[in-house]
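Here's a quick briefing to read alongside the model. Have a look at the fold first, then go through the notes.

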Amino acid sequence: MFAPRDPDEYLLDTERRVIRVRRHWACLVWDLFEAVGLLVGLVMVSYLLPTNNAWLFQNILWYAGLIVLVRFTYQVLDWYVERIVVTDKRFLLTTGIFTTNVAMMPITKVTDLTFARSLMGRIFGYGTLVVESAGQIQALNRIEYVPNPTEVEDAISGLVFGDKKGQQQDRFSMLKARRAAVGKRKAAKL
């Protein structure tokens with residue numbers, strides 16, 4: 001009831017899932033440093049307060065620490081439920097714990113695909129994928145912290161810029177086969 005939907009439930013029966021990943025854990029590093037820093041600061045202030053009649057300030061500080069922990073837990077859960085899904089027809093990005101947001105972009109709209117890896121990305125194994133479409137900025141314009149970046153980029157490049165001639169040739173051979181089948185039916189009726 002409260003759990004977000006599985007991203008595969010948004011796929012059509014005719015779609016084939018190529019990639020399904022969540023962002024790299026490195027996207028949580030800054031949030032972790034922030035939470036630890038705030039908690040250390042709260043503990044230090046708590047110990048620096050005078051002990052006489054400071055129970056109100058102590059309680060406020062410990063409740064503030066609880067809020068910091070709840071906020072970090074929410075950020076981890078939000079990271080956990082977010083999924084990047086690439087099918088043979090579109091890109092999907094599902095986010096949200098309480099309210100699920102689904103951003104989609106058809107593969108056919110992609111005109112350019114840029115991939116970048118920073119030094120930290122090379123060390124920890126993530127990259128940034130910039131997906132551009134013709135004259136528009138889509139919801140999936142910039143996808144950061146993509147794990148296994150070379151495999152993801154190769155798979156997406158194969159889908160977007162793959163063998164277009166072979167696909168057209170298959171389509172034309174299917175049209176020829178359909179025309180031949182219809183022609184045989186017409187000849188059989190005569």
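Which residues make a nonpolar surface patch of about 550 Å²? The patch is made by Trp 25, Leu 119, Met 120, Ile 123 and Phe 124. Bear in mind that this is a predicted model, where local features need pLDDT of at least 70, side-chain atom pairs count only at pLDDT 80 or more, and totals for chains, interfaces and linings use all residues. Residues are numbered from 1 along each chain as its sequence is written, and side-chain values use heavy atoms, leaving out hydrogens and water.

**Sheet and helix**
- β5, β6 and β7 form an open three-strand sheet in the order β5-β6-β7, with antiparallel pairing (strands are DSSP E runs of at least two residues, and helices are H or I runs of at least four, numbered from the N terminus; strands pair if DSSP finds at least two bridges between them).
- β5 (110-116) and β7 (142-147) sit at the edges with a single partner strand each, so one side of each has no neighbour in the sheet.
- β6 (residues 126-133) pairs with β7 over four bridges, and Val 130 stands opposite Arg 142 in β7.

**Around Met 120**
- Met 120 belongs to helix α3 (residues 119-124).
- Met 120 is partly exposed at 42% relative accessibility (buried is under 20% relative accessible area, exposed over 50%, partly exposed in between, with a 1.4 Å probe and protein chains only).

**Positive phi**
- Tyr 145, in strand β7, has a positive phi of about 60 degrees although it is not a glycine.
- Asn 148, in the loop between β7 and α4, has a positive phi of about 45 degrees and isn't a glycine either.

Technical notes
Patches are made of residues with over 30% relative accessible area and no salt bridge: like charges are joined within 9 Å, nonpolar side chains (Val, Leu, Ile, Met, Phe, Trp, Tyr) within 5 Å. Accessible areas come from the Shrake-Rupley method with a 1.4 Å probe; for residues, only the protein chains shown count as cover. A salt bridge is a side-chain nitrogen of Lys or Arg within 4 Å of a carboxyl oxygen of Asp or Glu.
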